[in-house]
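Subject: Structure handover

Hello,

Here is the structure we talked about. My notes follow it.

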Amino acid sequence: MAQRTAAALRRVFVYGTLKRGEPNHHLLAEADNGYAKFICKGSTNRRFPLVIATRYNIPFLLDKPGAGSYVTGEIYELEEPLFQQLDVLEDYRKLYDRQIEDINVGIEGGNVPCWLYLLRNPPESLLKLPMLTEYKNTLEIPYSRRPPGKVDIFEELQKEASAL
């Protein structure tokens with residue numbers, strides 16, 4: 001097996017359905033999808049609004065730093081092909097942007113720079129939704145997968161935002 005180099009790996013902070021025990025974690029857990037290694041839990045160094053929205057109960061981290069809470073999640077190291085699969089899942093460039101943020105991993109660990117997906121241009125009214133510090137899929141607010149290619153999530157968000 002080829003040795004992995006730090007330059008070939010990307011650190012990603014996941015805060016929603018990709019965490020262990022959540023509905024999309026299989027993308028990180030299944031070896032056939034590519035290399036992924038859990039590093040540790042952490043939390044954002046800046047406050048962000050984490051909300052659940054749309055009829056699919058999707059967790060969204062809004063690109064509104066300073067509002068909301070410090071968000072708890074998990075850090076993973078991924079190889080590039082798996083990182084690209086996350087871009088597809090997150091509808092990168094259309095729905096989400098990604099940027100590097102320092103993630104706090106505790107007193108001894110300090111901060112770790114990680115890629116983080118943020119909802120691009122969120123409607124202001126989404127800030128009226130309850131804001132979470134940590135996402136957990138629940139029976140009361142269950143996540144459901146949307147049909148591939150058949151639903152425009154940005155359009156869903158716009159409808160929901162106008163109803164708030």
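What covers the buried residues of α3? The cover includes β3 (50–53), β4 (58–61) and β7 (111–119). Details are below, after a word on conventions.

This is a predicted model, so local features need pLDDT of at least 70 and side-chain atom pairs count only at pLDDT 80 or more, while totals for chains, interfaces and linings use all residues. Residues are numbered from 1 along each chain as its sequence is written, and side-chain values use heavy atoms, with hydrogens and water left out.

**Helix α3**

Helices (H or I, at least four residues) and strands (E, at least two) are DSSP runs, numbered from the N terminus. Buried means under 20% relative accessible area, exposed over 50%, and partly exposed in between (1.4 Å probe, protein chains only).

Helix α3 spans residues 153–163, and its buried residues are Ile 153, Glu 156, Leu 157 and Ala 161. They sit on the same side of α3, because they cover an arc of only 130 degrees around the axis. That arc is taken from the directions from the helix axis to the C-beta atoms. An α-helix has 3.6 residues a turn, so residues three or four places apart point the same way. On the other side of α3, Lys 159, Ser 162 and Ala 163 are exposed.

The N-terminal end of α3 is capped by Asp 152. A side-chain oxygen of Asp 152 lies 3.1 Å from the backbone nitrogen of Glu 155. Asp 152 itself is partly exposed, at 31% relative accessible area.

β3 and β4 run antiparallel and are joined by four bridges. Two strands pair if DSSP finds at least two bridges between them. Ile 52 has Pro 59 in β4 as its bridge partner. The two strands form a hairpin with four residues between them. In the turn, Thr 54 has a positive phi of about 70 degrees.

β4 is covered on both faces. Ile 58 and Phe 60 are buried on one side, Pro 59 and Leu 61 on the other.

UniProt, in an unreviewed entry, places the feature "active site" at Glu 90. UniProt positions are given in the numbering used here, feature names are shortened, and annotations may be inferred rather than shown by experiment. Glu 90 is in the loop between α2 (80–89) and β6 (96–104). Its relative accessibility is 14%, so Glu 90 counts as buried. Not counting residues up to four places away in sequence, Glu 90 touches Leu 18, Leu 95, Tyr 96 and Tyr 117. Contact means heavy atoms within 4.5 Å.

Glu 101 is in strand β6. Glu 101 counts as buried because its relative accessibility is 8%. A polar contact of 2.5 Å joins its side chain to that of Arg 46. A polar contact is a pair of N or O atoms within 3.5 Å; within protein, one must be able to donate a hydrogen and the other to accept it, and residues adjacent in sequence count only if both atoms are side-chain atoms. Leaving aside neighbours within four places in sequence, the contacts of Glu 101 include Phe 48, Val 112 and Leu 116.

**Salt bridges**

A salt bridge is a side-chain nitrogen of Lys or Arg within 4 Å of a carboxyl oxygen of Asp or Glu. By this rule the count comes to 13.

- Arg 11 pairs with Glu 77, with the closest N and O atoms 3.1 Å apart. Arg 11 lies in β1 (residues 9–14) and Glu 77 in β5 (residues 72–79), so the pair ties together parts 66 residues apart in sequence.
- Arg 55 meets Glu 156 at 2.9 Å, N to O. Arg 55 is in the loop between β3 and β4 and Glu 156 in α3, so this pair ties together parts 101 residues apart in sequence. Arg 55 is exposed at 56% relative accessibility, whereas Glu 156 is buried at 13%.
- Lys 94 pairs with Asp 152, the closest N and O atoms being 3.8 Å apart.

**Positive phi**

Most residues other than glycine have a negative phi. Asp 91, in the loop between α2 and β6, has a positive phi of about 50 degrees. Asn 121, in the loop between β7 and α3, has a phi near 45 degrees. Asn 121 is exposed, with 57% relative accessible area.

Best wishes
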